[in-house]
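User: I'm new to this structure and would like to learn how to read it. Could you walk me through a few features?

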Amino acid sequence: MDSGFPSIAGHGMVGDLQTAALVSERGAIDWWCSPRFDSASIFAGLLDRERGGYCEVSAVGKAVTKQLYLPDTAILVTRFMADSGVGEVADFMPPVVEATGVHRIIRVVRVVRGRMEFTFECRPRFDYGRGGHSLELRDGGRAVFRGVETLHLWASVGVEGDGADVVGRFVLEEGESAVIALGTGGDLDVVRAEEEFERCRGFWLDWLKSSTYRGRWQDAVNRSAITLKLLTYAPTGAPVAAATLGLPEQVGGERNWDYRYTWIRDASLSVRALTDLGFEDEADAFRRWLRDRLDERGTEPLGILYRVDGSAQTDEYELPHLAGYRDSRPVRVGNAAAGQLQLDIYGEAIDALAQSGELGAISGWGKVTELLDWLVDHWDRPDEGIWETRSGRQNFTYSRLMTWVAFDRGIRFATAHARPADLGRWIEARDAVFRQIVDRGWNSEKQAFVQHFDTDVLDASLLLMPRVGFISPRDPAWLSTLDAMERELVSDSLVYRYNPEAAPDGLQGTEGTFNLCSFLYVEALARAGRVHQARYAFDKMLTYANHVGLFAEEIGPTGEQLGNFPQAFTHLALVAAAQALDEHG
């Protein structure tokens, strides 16, 4: 803990498939936006405990805390172990599939040994801490906080006002329990916590039965699958990149972004991971969401990112009143990457449609052909690339790679299923992209494929080259590229995206190693036949997971987790790495 901030990794996540909350090891809800992932925060203690707000249940006196998930569920248990006894708080959110607007966090406090005293604080700070609120105390342990949103509280123990906030203190004997519930979108009556608990547990156990994974890393893969599901907005099927905003890639630095939106790239890869695990319903839902975006064609057929309902993402702005995680400023809401050009998204989108079978649906094929016909005329442009650099456009090799994927998947499907298509133009474009990557993306001095056509800098996004079928995983040119990456980008199995000093990205400061790339490296090693090296790298990566198996975006110099948390990119790559090891090991 630093200056009142719990570590990023010191949290578990609960969610109801429309929003999510982070609960610290000390029993504090430090992050919650409602009614959606991309709504304004009610609790943002991770960014500023006083101004951001929190809801905490903690044991009085000295206690050791430990946290775990109820196996194969999204029910989080925080345990307090003291001389007087052992207590625990079970946090969960009842899953909500339809967009009802009603969202609840239920906190069940139990003492399982001895006797314990607890304190309770609920200090909401609406609208990212910008708006005040009033408090209405009601009979029966009920309270209503009214700000730009309304937050309802129901407790089976006594609570009292502390200004416009609520506090409480209670004692439980062995075998006794208390319930504290928070809700938005509707009043809270008496909460039947045990029924809700069993219903929530049953939902997750039933959902996980659809998984086809039977490999060696069952626990890690199951946790990643649940995390990807928790980060998917159920009413539309749109996955978000992460649950949070503003968590830094470098403590004290400016690389602090808002990831609570649906990136075409991240979402396509997330759904690919779930599809590979057998979760077809998730693939179908995202397919429908993606098709709707193609129907909204503007200047470009697809935007970079969207809000979870499919609307355009709002402008980026700063919250200067918030201290930021360990004084990492600015805290940004929204993401200016929405205005960038990133041509790789077309490959990821077409590949996602091909994986789900939607590419050949009669009703959708016309949109696919329109997109590919457009791409024939627009692929050969510099762009901002996968890493959303802010230093100007370049001819990024990864962007070209994924436009090759778009043409390749369209050609394959049209040929195999006799679909109408301008195959001559598509094949000509596909081959031109291929030649350009080989001629200009290859650096003879480095003996490697490089980040863009005017540099010798390496880029870990190209670890996807074998997976997408552009090159054999054992081709000499690829093995040479893999060796070059190992020399320049890999640090004890951890992989940097690129070297920002050699390839300035328009931002100050540095960043940690990128977890997505570290797992992609494992997958590439396994496919290349370097299985023992891949297995060792994978096992080491798992040691960087937090205490409940979650990963943020990056790993810092001392092994700490950095960036928004938990991140879908990381967990989807973990799934792919585990499957590659199972297949090639």
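User: Which residue lies over the face of Phe514?

Analyst: Keep in mind that this is a predicted model. For a charge over a ring, look at the ring centre and check what sits above the face. Here Arg497 lies over the face of Phe514, at 4.7 Å from the ring centre. There's another case too: the charged end of Arg36 sits over the ring of Tyr233, 6.0 Å from its centre.

User: Where does Phe514 sit in the sheet, and what stands opposite Phe514?

Analyst: Three strands make an open, antiparallel sheet, ordered β26-β27-β28. Strands β26 (513-514) and β28 (561-562) are the edges, each pairing on one side only. Two bridges connect β26 with β27 (residues 554-555), and Phe514 stands opposite Glu554 in β27.

User: How many salt bridges are there?

Analyst: The count comes to 52. Take Arg123 and Asp165, whose closest N and O atoms are 3.2 Å apart. Arg123 is in strand β9 (residues 103-123) and Asp165 in strand β14 (residues 165-173), so this pair ties together parts 42 residues apart in sequence.

User: Are Arg123 and Asp165 buried or exposed?

Analyst: Both are buried. Now try Asp206 and Lys209, a salt bridge with its closest N and O atoms 3.5 Å apart. Asp206 has 47% relative accessibility, so it counts as partly exposed. Lys209, at 63%, counts as exposed.

User: What kind of pair do Trp442 and Phe449 form?

Analyst: That one is edge-to-face: 5.1 Å between centres and 75 degrees between the planes. Trp442 is partly exposed, with a relative accessible area of 22%, whereas Phe449 is buried at 4%.

User: Which rings are linked into a cluster?

Analyst: Follow the ring pairs and you get Phe203, Trp204, Trp207 and Phe279 linked into a cluster.

Definitions and conventions:
Residues numbered from 1 in each chain as written. Predicted model: local features only at pLDDT ≥ 70, side-chain atom pairs only at ≥ 80, totals over all residues. Heavy atoms only, no water. Pairing = 2+ DSSP bridges. Helix = DSSP H or I, 4+ residues; strand = E, 2+ residues; numbered from the N terminus. Salt bridge = Lys/Arg side-chain N within 4 Å of Asp/Glu carboxyl O. Buried < 20%, exposed > 50% of the residue type's maximum accessible area, 1.4 Å probe, protein only. Phe/Tyr/Trp six-rings, centres within 6.5 Å; stacked < 30°, edge-to-face > 60°. Lys NZ or Arg CZ within 6 Å of the ring centre and 35° of its normal.
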